[in-house]
Amino acid sequence: WAQRVNKVFVTFEMLGTSNVKVSLTDGLLSLDADAAGKSYKLENMPLWAEIDSEGSKWFSNDRAVVITLKKKEEEWWDGLTKDKGLKRFIKVDFSKWCEEDDKEYTGEVAMGGGFDDMGGMGGMGGMDFSSMMGGMGGMGMGDAAGMPGADFDDEDDDEPLDDLEPKDLPPIGGEEDGPPPLEEVD
């Protein structure tokens, strides 16, 4: 599970799910699904707070059931449920997770289309690629003379590579390569 200021993401990961039924009420979540010849059932799991069942939605595919719960109140949930007995079955989805003070949590981050607006990509820290590339001082792909190990001379590409062939290596499977003999124990 993961959350934002106005919604909660719940994912039931199971390959080959079929006959999926999800029931959402104001503070309860129920799920029925079949997978791998078994039936899975979660009945009336109490959620941390109330949700808008009309604004919530779900879908299923061959890999998972993904549920998006719309919160009635825009508040931070300390967990998906207050039922401590279910805690061992519920894990945080870190691919969607963000902290309460993150910009992604409140939706303040705009997902732009260009490299100049990279603030919306998680982990990028709002990098400005145009200023970063401009600060490279006109160094193009062909202007690598000042870089160590940047010898791009093509003249010696036609030389034979005979010195790279394994002429003097010991044969594979020689007596030195085997495991040490076992010692007999009395």
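**Figure 1. Salt bridges of the predicted model.** The count comes to 3 salt bridges, a salt bridge being a side-chain nitrogen of Lys or Arg within 4 Å of a carboxyl oxygen of Asp or Glu. This is a predicted model, in which local features need pLDDT of at least 70, side-chain atom pairs count only at pLDDT 80 or more, and totals for chains, interfaces and linings use all residues. Residues are numbered from 1 along each chain as its sequence is written, and side-chain values use heavy atoms, with hydrogens and water left out. Side chains of opposite charge can pair when their charged atoms come close.

**Figure 2. A network around Lys 72.** Salt bridges link Asp 26, Glu 50 and Lys 72 in a network. Lys 72 meets Asp 26 at 3.5 Å, N to O. This pair joins distant parts of the chain, 46 residues apart. Lys 72 sits in the loop between S7 and helix H1 (103-106), and Asp 26 in the loop between strand S3 (18-24) and S4. Helices (H or I, at least four residues) and strands (E, at least two) are DSSP runs, numbered from the N terminus. Lys 72 also bridges to Glu 50, with the closest N and O atoms 3.4 Å apart. Glu 50 lies in the loop between S5 and strand S6 (51-60), 22 residues from Lys 72. Lys 72 is partly exposed, at 42% relative accessible area. Asp 26 is partly exposed at 36%, and Glu 50 is partly exposed at 45%. Buried means under 20% relative accessible area, exposed over 50%, and partly exposed in between (1.4 Å probe, protein chains only).

**Figure 3. The Lys 41 and Glu 43 pair.** A salt bridge joins Lys 41 to Glu 43, with the closest N and O atoms 3.8 Å apart. Both Lys 41 and Glu 43 are exposed.

**Figure 4. Lys 71, buried without a salt bridge.** Lys 71 belongs to strand S7 (residues 64-71). Lys 71 is buried but has no salt bridge. The nearest side chain of opposite charge is Glu 75, 7.3 Å away. Lys and Arg count as positive and Asp and Glu as negative; His and the chain ends are not counted. The backbone oxygen of Glu 75 is 2.7 Å from a polar atom of the Lys 71 side chain.

**Figure 5. Strands lining the largest pocket.** Strand S2 (7-13), strand S4 (28-35) and strand S5 (38-46) each supply at least two residues of the lining of the largest pocket. On a 1 Å grid over the protein atoms alone, a pocket is an open set of points where a 1.4 Å probe fits, with protein on both sides within 12 Å along at least five of seven lines; lining residues have an atom within 4 Å of a point.

Notes
A polar contact is a pair of N or O atoms within 3.5 Å; within protein, one must be able to donate a hydrogen and the other to accept it, and residues adjacent in sequence count only if both atoms are side-chain atoms.
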